[in-house]
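User: Hi, I'm new to this one. Can you walk me through it?
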Amino acid sequence: METGKSAGEDGSICLQVVELHRLSETYGSGATIFEPRSSIEKRDSNANSASTSTTSVRAPEKKLTLFALRLAVFEKSATGLGTLGFIWATVVLLGGFAITLDTTDFWFITVILLIEGTRIFSRSHELEWQHQATWSIADAGISSFRALRSSSHFVVDALKSLFRRITPVRKRSQHSREVMGSCDAANSRNWDCQRKTTRTWTSSDVPILPYAQWFFLTRNVSKLLYWLQLASATACVVLSSMKLIKHNYGEIAKGDTDKRNRQAALTIFYALALSEALLFLMEKAYWEWKVIYCKLLEEVNRECELGPSGMISIKRFFYDAYSRCVNGSIFDGLKMDLVTFAMDLLASNSPDEQLIGVQILRQFAMSERFSDDTLQKIGTNISVIERLVEMLNWKDPDEEVIRRSAAETLSELAGKKQNSLRVAGIPGSLESISSLLQTNRSSSTTADEIGEKTTVADQVHYESWTFNHLGLLILKKLAHDHDNCGKIGNTRGLLPKIIDLTHTGERILKDENVAHSQILTVKRSLQVVKMLASTTGTTGTHLRREISEIVFTISNIRDILRHGEKQPMLQKLSIEILTNLALEADATERIGGTGGILKELFNIFFRYGAPESPNHVRIAAGEALAMLALESRNNCHRILKLMVLERLVEALEDPLLRVNAARILRNLCAYSGTDCFSDLKGVTAAAPTVLKAIMSEENKLQEVMVGLAAEVFKFMSSQESSMMFKRTGIKEAELASRIVQVLKKHENPSTKVPRIRRFVIELAIWMMRENKENVNILRDLGLEKELEHVLETTAELESFNIFSGTVGLSRHSITIHSLIETAMKLLERATETE
């Protein structure tokens, strides 16, 4: 049967008994707190991602830097010809032939020199003006090269009107671009309204003169210079062509040697002027073709996945690359890339440039294609990480976009282990991350009360829930590392904030239409708490103590257990937190002493007819109950008062629950004390089930059943045990043979079943004490030899009930050496008697 398929079709899962058995084995044999587990497993997702081979992705911005280089070749070639023509005219013509020049040639040369000088001057300064004009995001779309289209829109429309009948599809695409452009402009205006530096001028809005302010705004001057260049180049082409075509350079009298080279000199000058102007016009034509008609900027923006607002960043990058090619070497622009460009802008004091930089980094860091390269570059630049961390503290509503983008970038950066260490290693980074979390708990003025917690409501222009989610996401990724967990726990005020975010009311848990953001906040906060509580070593001990001492931790979890039937994921996370906290004795007592916790866990554990997802919750609840009953006499008494012993015995028949039911029953029998003997007498009803499981099962289930048998059989008299063997149809000799087989199978301690040899020896001791005939049977089966082998291969692994990673906790009160010694003495006494 295809369980996955059935689940997808009708939303339910039907499992046969065999499949339930396999399911219980799977859950029982997974990495739990009852087995040692490597800390490497804690970061599986990141390990997998790191191991996957990364393929190089062609950077889309290469098209822009190549385009900038080609434009720079045109520009520098034209400038070189213009300079050569200027020198030729001043030195050769006006210097050598000034008196002999014809009047028209003199004025033509003068005019050409003036307009070319004007063009070269305006060209050199147009870069500066346009650079200033792009400092404001609201104006970047006007002042960049794309803005030239709006200036010449009437010319373009006139040309397009000739082809409207032929290209209806192009018209629709143009309309979509205009709609996108209007949205982009709206976003730009919103930002410009939100964020204006009040103490300094915005370069694009500087009025050069006190009057005619619109005309002399920086962004308008750049357009004026652009059109001045076109007019100059066109005039140069017209004048030069006229002279070259007519060739009327004046008459030369016979014998006049002063004028014999004048015609050649003039031809060279006009040819240089014409070539220079044509190169410049070719540059502009190529520019217009690629930018306006081929939509190069839009194409790169689409490939970079920056969205409609990303056009501003692309234009600014293109402009800067072109400026470098023109002002320096033509190859300078090729060294630029968008990530480095964004990191440079991040260090700027201009809010607009900061926004451009952080949005590029955010988008690239979250892009599947570019994230690896981007995160690698950010991760190796500590100053950029520090700047991003600093931005987390910017709580001004006007800087909300920058702060959110910085948080999203850091959340991606923290997903890589090495980068997470760098983020957490920056002084004050965790305090900055803590500033993202808003819980709105009022401060108390007296020592005998705690401030009231109120629900955080988003401000009109500020999304507090978003920053809560991002802060928790960053902490979740940082907590994958053991050292970071310790830093999180030592950050003042951070743990109480995280615990406060786990709070949720009955209405939210039971409402099917509750906002996703509210559930997501609780889920992520529980995930962070779980990761902190599962930390190993002395750091974990400290964190579990800190978490359990916060007075709201356990009560918040109780509310989720009580009212969270519709949120099984939240319940599972809450239960796993309790399981981990129960590693500490003080926390175990706090959990058991909190009203309703044990009752709610049993309600979940015994929930019948549940779909697959809550079954995971039921298994987690069983593990938590087993942990809470372990070495806790008070919790064992509380459990017995709940009158659940009979249902626990019945749960031994359920393939899904029997592993944890056996653990709970064993702990109740072992740690309740002699004064509860009568209350536990009913556990003997489980003996037949336990015996059958020992004979037929393997691995984890066999281990817990053998352990339970060693305790349950102690509550039975010799007559009761004999009747039990007869009722089950299993002879004591068969059980003895099974015991020896188990020892032979497990020649060495196993991490999957670390206690099975101990439990088998305990059961063998009970059998030899209960019936002397069993001593001979076990001796004949070779028990003594197996015990000697166990004595030689025993390890610390077998000395503990539970584990925190690879560290053993809750050491057994009786060592395995003592158990072997007791068993050997029983065998020796029987031999001496004979």
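User: What share of the chain's residues is buried?
Analyst: Of the 834 residues in the chain, 52% are buried, meaning under 20% relative accessible area with a 1.4 Å probe and protein chains only, while exposed is over 50% and partly exposed is in between. Keep in mind that this is a predicted model, where local features need pLDDT of at least 70, side-chain atom pairs count only at pLDDT 80 or more, and totals for chains, interfaces and linings use all residues. Residues are numbered from 1 along each chain as its sequence is written, and side-chain values use heavy atoms, with hydrogens and water left out.

User: Ok, how many helices and strands?
Analyst: The chain has 42 helices and two strands; these are DSSP runs numbered from the N terminus, with helices being H or I of at least four residues and strands E of at least two.

User: At what angle do H22 and H26 pack?
Analyst: About 30°, with the axes of H22 (residues 482–490) and H26 (residues 537–549) 10 Å apart. Axes here are lines fitted to C-alpha atoms, for helices over the stretch in contact, and angles run from 0 to 180 degrees between N-to-C directions.

User: And which residues in H22 meet H26?
Analyst: His 482, Cys 485, Gly 486, Gly 489 and Asn 490 in H22 meet Thr 539, His 542 and Leu 543 in H26, where contact means heavy atoms within 4.5 Å.

User: Is Cys 636 buried or exposed?
Analyst: Cys 636 counts as buried because its relative accessibility is 0%. Cys 294 is at 31%, so that one counts as partly exposed.
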